Amino acid sequence: MTLTETKMDNKIGFFVRNQSIVVPIAAIFVAFVLGGILIFLQGVNPLVAYRAIFSEAWFDSDGLLRTFQKTTPLVLAGLAVTVGLRVGLFNIGAQGQLISAALASALAGIYITNLPPILHVIVALFCGVIVGALWAGIAGVLKAYRGVHEVISTIMLNSIAIGILDYLVSNPFQEPDQSLQRTKKIAETAVLPNIGVIPFGFILAIIICLLVSWMLNKTTAGFRFNTVGKNKFAATYAGINMKLMVVTGMLLSGGLAGLGGAIETLGITYRFEPAFNAGLGFDGITIALLARANPLATIPAAILVGTLRAGGASLQFETGIEPEIVDVLLAITLLLVSAPILAKYLFKGKAQKSANVTSGWGN
Amino acid sequence: MKRMRTLAGISILALVLAACSSGSSDTAADTAAALDDSNCAAAESFCVGLVTDIGKVDDKSFNQSAHEGAMAAAAEVGGFYKYIETTDTKDYAANMGQFTDKSYDVIVTVGFLMAEATVTAAKANPNTKFIGVDQFQAEEVANLTGLIFPEDQAGYGAGYLAGLMTKTNKIGSVLGLEIAPVQLFAKGFEAGAKAANPKVAVTTVYHPPADNGFGDPVWGAAEAKKQLAQGADIIFGAGGGTGNGALAEIAKAEGAGTAVFCIGVDTDQWFTVPEAQPCLITSAVKGLTEGTTGLVKKAFDGSIAGGNFVGSAGISDYHDFASVVPMDVQDKVAGVVAGLKDGSIKTGVTL
């Protein structure tokens, strides 16, 4: 190796070692450049368009509140998928878990009436978490004891959840004298408040995120999770109870998604209506992939998505660009993060193989 | 690694599809007469804003009609017009807020689903005039006018025609969400059909509650196919993109235009959904565009009043099917439509 090459290596060494951070940032940059070209082709100055998004999402008090509100369920749905991936499970059913939990916490907020405020919120959140966990737990048990692949079972459970919830909100729990299929409003005592522009749920999501990160990285349980995820055969030889890990992994994943749904109900929508929670669970998959299954990284990933979504309306108001451009930006980013093209281009032979978070299909 | 890539592939595909489904690239600001909205607060400027429900201004149905109406009115009186397309039901308030922040004079909100959010916004902004298309006002708010339509009459006219035209005595309707305007269409359709032909059986199916209730052509097509298989020969597709999916499916069915017919909704869909032309015998229309234009102009000259404003409803031209629908049927239907208008015939529909 020549002297200049060694120098080069030292220079980019920092970047090579931290490519799990560098690659997503580079991907976002490239996505914004490509998105900028698309915006320019529609006759709008891309800088004006991006400024419209960010000034609405971050520098306007209503906008900032909405950014945090939109970020909160995304952090939790992202965490739910992340935890699953760490145990080698691909939980596609975060959506079903989230919406069942949203209804459960709404019902707890409506029909439990004699509790003091703080306790009522805690109980309602807890109901959501339990229902989300149990809904995912069905897939966990099926996987552990019957070998049903979780991708199949969780996505089917999504549809089952939608069907059951449609029935529940159009019949037993529908708001009286209301043609829309939705529940009544939750009691005042069950409302999760905003602290200035920061929703309480956001703080809760950050705390949970830190806890999950600590659990996965510093505890025995986390070590077991990761071991199972990396190599289930090695884990079995090491004496780890696979069945238990699969079931608890799904319970935890579902509980996190459920917490996202519960916070959404108690902090934003104050009732359950099927249209309210559209797509949040699926956004969780995007977030987890952007974050490369790193729990702490779900926070910036969710903030990015939340910002773009919250600023989308202003984008159309200011420039006439349709808000769907935001989805294009996310798609390009995700493509570049997930496919190893960018890392290979940036780091040549030193590129890490794409985040190796799961074992292959079919186990 | 392999799985990761597959996951990524699925997610990317989903995102790209979501982005593509919007399709067109028309911009909001290019159509207005006035230059910009920098001084909407000034007395001499007149700014009109429109917020769609979950849907686009080129949906060939509901949102598009209101959008065209508001745009035409603004152009006529030399005002400025801009719109926002809602992508998340939780953003209704924020989207209206964009317009109230800039002191727009009139804000048109489209669709029953926005009714509550519109009432809240109207109460919070007493100096702005709000027009709620398809939003029945149970309580009068001084600066909010609900533009409503006798959908049951339009449905009744279309149903009467269907009742006379059916050979199998089985007809059906494929509908959007089960909300008041859609229910009125559906119940009017059934009542009209039964009035024309007591033997007729009507199958009615609503989209299950979801955020794509009016934008699910795949579901609409599947339900239409089911009803065709059960022997229905005239199907009423009413529900934005969902209904359009049903119409397009029937147009492709065997016997379309000879033995099997479809009926559109809201606007004359002969023009807005040309792929339905092989089967589209008529459309149950409501005067969305004229109604919106009229109210925006009333807001301009100050004659608008709070409460409800009832627009017009009826059935559209037969177009190429004028030769297929027998003359005596056309006469009978015309008589019924006229009777509905002057009040001599009642649909008897209640919700």
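In chain B of this predicted model, strand β8 (residues 234-238) and strand β9 (residues 261-266) run parallel and are joined by 3 bridges. Strands here are DSSP runs of E with at least two residues, helices are runs of H or I with at least four, and both are numbered from the N terminus. Within this pair, F236(B) has I263(B) of β9(B) as its bridge partner. Both strands belong to an open, mixed sheet of 6 strands, ordered β7-β6-β8-β9-β10-β12; strands pair if DSSP finds at least two bridges between them. β7 (201-206) and β12 (313-315) of chain B sit at the edges with a single partner strand each, so one side of each has no neighbour in the sheet.

Residues are numbered from 1 along each chain as its sequence is written, with chains lettered from A and ligands numbered from 1 in the order in which they are written. Local features need pLDDT of at least 70 and side-chain atom pairs count only at pLDDT 80 or more, while totals for chains, interfaces and linings use all residues.

Over in chain A, the axes of helix α9 (residues 220-230) and helix α11 (residues 242-269) come within 11 Å and cross at roughly 105°. Axes are lines fitted to C-alpha atoms, for helices over the stretch in contact, and angles between N-to-C directions run from 0 to 180 degrees. R224(A), F225(A) and V228(A) of α9(A) meet M242(A), M245(A) and G249(A) of α11(A), contact being C-beta atoms, placed from the backbone, within 7 Å.

Conventions:
Contact = placed C-beta atoms within 7 Å.
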